[in-house]
Amino acid sequence: MKTWVYWGGVGVLSLAVISAAGWKLLLHPEAAVLPVTSGFGPSPDLPKPNHTLFPTVNIATPVGWSGEQAPSPAHGLAVTAYAKNLNHPRWLYKLPNGDILVAESNSPKTDVKTVKSRIAGFVMGKAGAGDASPNRIILLRDTSGNGTVDTRTVFLDHLYSPFGMALIGNDLYVANANEIVRFSYHDGDTQIKTPGTKVVDLPAGYNHHWTKNLLASPDGSFLYVTIGSNSNVAENGMEVEEGRARIDKLDLSTGKLTPYATGLRNPNGLAFEPDSGALWVAVNERDEIGSDLVPDYITAVKEGAFYGWPYSYYGQHVDNRVSPQRPDLVAQAVVPDYAVGAHTASIGIAFSHDATQLPDTWRHGLFVAQHGSWNRRPKSGYKVIYVPFADGQPAGMPIDVLAGFLTSDEAHVHGRPVGLALDRSGALLVADDVGNVVWRVTGQNP
């Protein structure tokens with residue numbers, strides 16, 4: 001006799017009576033056939049898609065950091081806790097006076113209620129991302145400059161899954177999951193109590209990829225805004241993807257949002273490359289076609305360019321799951337500059353030229369925070385890497401900066417790196433949203 005479990009009005013076979021084919025997949029699950037390193041660099045290996053009946057699920061359950069435990073820095077580097085006992089610290093922003101803003105944030109839990117999204121919600125909960133969003137920004141101040149925070153205040157409260165932050169003059173812009181809000185800020189403020197002013201709505205409704213990041217243009221006249229897709233590969237239709245999977249440009253004089261680059265499934269970190277001035281972004285690519293596909297990437301963003309999502313990946317590699325197809329758009333798809341591994345969930349980026357607390361060998365490239373996979377076997381990411389650059393472009397394979405977030409047996413995770421920033425002394429700061437710590441990386445004798 002078959003037993004049915006009804007979940008949100010949808011009948012789902014109990015695992016106790018799953019089909020023989022399903023049991024086979026669970027007992028002999030899909031796994032990578034290539035090393036994760038094959039998905040790095042300007043020309044990553046892209047094997048044939050591996051479609052499976054069930055998505056690969058391979059979760060590392062959180063255990064936190066005990067006592068003096070900390071991530072493992074590369075040789076010649078040291079790591080200390082800049083601030084502990086935070087509440088899901090997700091994103092970092094350095095103010096001109098050296099104060100660090102920390103967006104304590106999590107999903108608003110407004111994704112469409114399907115069987116897949118409920119499973120994904122369960123997975124995210126097991127991975128340490130299921131708690132309610134704190135919805136606030138914390139200010140951290142190191143008055144003495146010795147690498148230890150001595151002032152901590154609630155800078156802004158009652159936000160809505162905040163993420164990106166950008167200061168232009170005395171205007172502080174904050175990207176909530178549904179809008180950009182402007183607050184009045186004055187140098188040295190430790191909290192803002194005056195209500196903000198809405199600048200513009202952002203695509204919201206149900207919010208599959210809820211994080212919205214901001215970066216001010218060098219002249220302060222624009223904000224670049226990242227907006228992730230509302231699905232994996234448009235399985236809910238393209239109507240709900242209106243205004244999504246792209247980087248927008250917000251004209252602050254008119255309040256008008258216009259697309260800057262499109263076809264970017266889930267863009268996150270933004271930064272200007274110091275030598276060329278080019279805008280770079282980290283992008284999370286699509287899932288559910290195997291552990292070896294598709295590599296996340298970093299790329300210099302070309303204005304007006306289309307990067308493939310959902311119709312193709314890495315240029316003209318067509319995703320046959322999408323219907324109807326758009327060969328006209330696929331023909332235009334730009335190949336990203338540099339892959340950073342399949343399912344690594346690469347999010348935060350920071351160019352290292354001003355990282356004066358680190359040895360010179362670390363000061364000519366890009367730091368990338370890899371939040372870590374939940375759907376690759378074996379796991380990938382869970383570290384901060386360094387991609388060397390030359391003449392404004394990646395020039396070599398990545399090097400681990402900070403590892404040890406994942407336990408050696410891959411069953412558990414102490415923390416997961418997300419946002420990156422450089423403090424006023426030139427040390428690298430890393431937000432760990434599962435360990436609830438901001439880590440500080442320096443040379444061994446800072």
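A hairpin of three residues links strand 12 to strand 13, where strands, like helices, are DSSP runs numbered from the N terminus, with at least two residues (E) for a strand and at least four (H or I) for a helix. The two elements, strand 12 and strand 13 (residues 179–184), pair in the antiparallel sense over five bridges, pairing being assigned if DSSP finds at least two bridges between two strands. Within this pairing, Ala175 has Ile180 of strand 13 as its bridge partner.

Strand 12 itself (residues 171–175) is mostly covered, with four of its five residues buried; buried means under 20% relative accessible area, exposed means over 50%, and partly exposed lies in between, as found with a 1.4 Å probe on protein chains only.

These details belong to a predicted model, in which local features need pLDDT of at least 70 and side-chain atom pairs count only at pLDDT 80 or more, while totals for chains, interfaces and linings use all residues. Residues are numbered from 1 along each chain as its sequence is written, and side-chain values use heavy atoms, with hydrogens and water left out. The protein chain averages a pLDDT of 91, and 89% of the residues score at least 70, pLDDT being the predictor's confidence in each residue on a scale from 0 to 100. Over residues 1–27, however, pLDDT stays under 50, and the model has 26 contacts beyond four places in sequence for this stretch, a contact meaning heavy atoms within 4.5 Å.

For the protein chain as a whole, the secondary structure comes to three helices and 33 strands, and 53% of the 446 residues count as buried. Among contacts with a separation of 6 or more, 60% are between residues 24 or more positions apart. The accessible surface is about 18300 Å², of which 53% belongs to carbon and sulfur atoms; such areas come from the Shrake-Rupley method with a 1.4 Å probe, and for residues only the protein chains shown count as cover.

The loops hold several backbone features to look at with care. Most residues other than glycine have a negative phi, and most peptide bonds are trans. Ala245, although not a glycine, has a positive phi of about 55 degrees; Ala245 lies in the loop between strand 16 (222–227) and strand 17 (246–251), and Ala245 counts as buried because its relative accessibility is 3%. Glu288 likewise has a positive phi, near 75 degrees, and sits in the loop between strand 20 (279–284) and strand 21, but Glu288 counts as partly exposed because its relative accessibility is 26%.

Two cis peptide bonds can also be followed. One runs from Trp309 to Pro310, with omega near -5 degrees, and Pro310 is placed in the loop between strand 21 (295–300) and strand 22 (312–313). Another joins Arg377 and Pro378, with omega about 0 degrees, and Pro378 belongs to the loop between strand 26 (365–370) and strand 27 (383–390).
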